[in-house]
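The following note sets out numbered points for a colleague who has the sequence and the coordinates to hand. Each point may be checked against the structure shown below.

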Amino acid sequence: MDRDYAQPLDLADLADTALMSSAHFSRRFLATYGETPYCYLMTRRIERAKALLRLGESVTDTCFAVGYASLGSFSSRFTEVVGVTPSQYRGHDHHVLEAIPPCVSKYIMRPRRRAEASSRSTSSPAAQ
């Protein structure tokens with residue numbers, strides 16, 4: 001899924017590769033990664049889209065490069081996960097990330113759903 005995120009991935013094919021039934025694969029994936037295979041795939045796609053937009057790629061090119069067939073679906077999902085539209089994100093100044101080590105920036109820039117992100121920040125020791 002990490003390597004072929006832009007390809008149409010089918011749950012049954014993923015489960016077959018793991019030698020499991022689709023239902024068992026979904027349950028084990030959720031238990032291991034904390035999200036469904038579909039959500040994980042969408043997170044990978046948004047993560048790659050953020051990287052492409054930071055490099056100045058157009059929203060349309062980015063949409064198709066990360067595996068979306070519809071610009072509307074891509075924009076809606078991106079906005080849901082990131083909190084701003086792809087165009088707004090592309091327009092931000094991302095130069096500040098150049099000073100952060102790649103291992104740290106990868107963790108910081110990993111897409112999280114806004115509800116998940118806000119629950120983490122309110123439950124962290126630094127927030128208390």
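Which residue takes a positive phi just after α3? Glycine 56 does so, with a phi of about 95°. The points below refer to a predicted model.

1. Helix α3 and its end. Helix α3 covers residues 37–54. α3 has 18 residues and reaches 26 Å from its first C-alpha to its last, close to the 26 Å expected at 1.5 Å a residue. Most of α3 is covered, with 13 of its 18 residues buried. Just after α3 comes the positive phi of glycine 56 noted above.

2. Helix α2 and its end. Helix α2 runs over residues 22–33 and has 12 residues. From the first C-alpha of α2 to its last, the reach is 16 Å, close to the 16 Å expected at 1.5 Å a residue.

3. Threonine 43. This residue is located in helix α3. Is threonine 43 buried or exposed? Threonine 43 counts as buried because its relative accessibility is 4%, and the cut-off for that class is under 20%. A polar atom of the side chain of threonine 43 lies 2.8 Å from the backbone oxygen of cysteine 39.

4. Side chains of opposite charge can pair when their charged atoms come close. A search of the whole structure finds 4 salt bridges. One of them joins aspartate 2 and arginine 44, whose closest N and O atoms are 3.8 Å apart. Aspartate 2 lies in the segment before α1 (11–17) and arginine 44 in helix α3, so this pair ties together parts that are 42 residues apart in sequence. Aspartate 2 is partly exposed, with a relative accessible area of 47%, whereas arginine 44 is buried at 8%.

5. Two further salt bridges. Arginine 3 and aspartate 4 meet through their side chains in a salt bridge, at 3.4 Å from N to O. Arginine 3 is exposed, with a relative accessible area of 71%, and aspartate 4 is partly exposed at 29%. Glutamate 80 forms a salt bridge with arginine 77, and their closest N and O atoms are 4.0 Å apart. How many residues apart are glutamate 80 and arginine 77 in helix α5? They are 3 residues apart in α5 (residues 71–82), so about one helical turn separates them. Glutamate 80 counts as partly exposed, at 37% relative accessibility, while arginine 77 counts as buried, at 16%. Elsewhere, salt bridges that share partners join Asp2, Arg44 and Glu47 into one network.

6. Aromatic pairs. The count of aromatic pairs comes to 7. In one of these, the ring centres of tyrosine 33 and tyrosine 40 are 5.3 Å apart and the planes lie at 50°, so the pair is tilted. Tyrosine 40 is buried, with a relative accessible area of 10%. The ring centres of phenylalanine 78 and tyrosine 89 are 5.7 Å apart with the planes at 65°, so that pair is edge-to-face. This second pair links distant parts of the chain, since phenylalanine 78 is in helix α5 and tyrosine 89 in helix α6 (residues 86–91), 11 residues apart. Phenylalanine 78 is buried, with a relative accessible area of 0%, and tyrosine 89 counts as buried at 5%. One aromatic cluster is formed by Phe25, Phe29, Tyr33 and Tyr40.

7. Arginines over rings. The charged end of arginine 44 sits over the ring of tyrosine 40, 4.7 Å from its centre. Arginine 44 is also the partner of aspartate 2 in a salt bridge, and tyrosine 40 belongs to the aromatic cluster. Arginine 45 has its charged end over the ring of tyrosine 68, 5.8 Å from the ring centre.

8. Glycine 67. This residue lies in the loop between α4 (59–65) and α5, and it is partly exposed, with a relative accessible area of 24%. Which residues does glycine 67 contact, leaving aside its neighbours within four places in sequence? The contacts are with Ala6 and Arg45. The C-alpha atoms of glycine 67 and leucine 9 are separated by 9.8 Å, although these residues are 58 residues apart along the chain.

Methods
Residues numbered from 1 in each chain as written. Predicted model: local features only at pLDDT ≥ 70, side-chain atom pairs only at ≥ 80, totals over all residues. Heavy atoms only, no water. Helix = DSSP H or I, 4+ residues; strand = E, 2+ residues; numbered from the N terminus. Buried < 20%, exposed > 50% of the residue type's maximum accessible area, 1.4 Å probe, protein only. Polar contact = N/O pair within 3.5 Å; in protein donor to acceptor, adjacent residues only side chain to side chain. Expected span 1.5 Å × (residues − 1). Phe/Tyr/Trp six-rings, centres within 6.5 Å; stacked < 30°, edge-to-face > 60°. Lys NZ or Arg CZ within 6 Å of the ring centre and 35° of its normal. Contact = heavy atoms within 4.5 Å.
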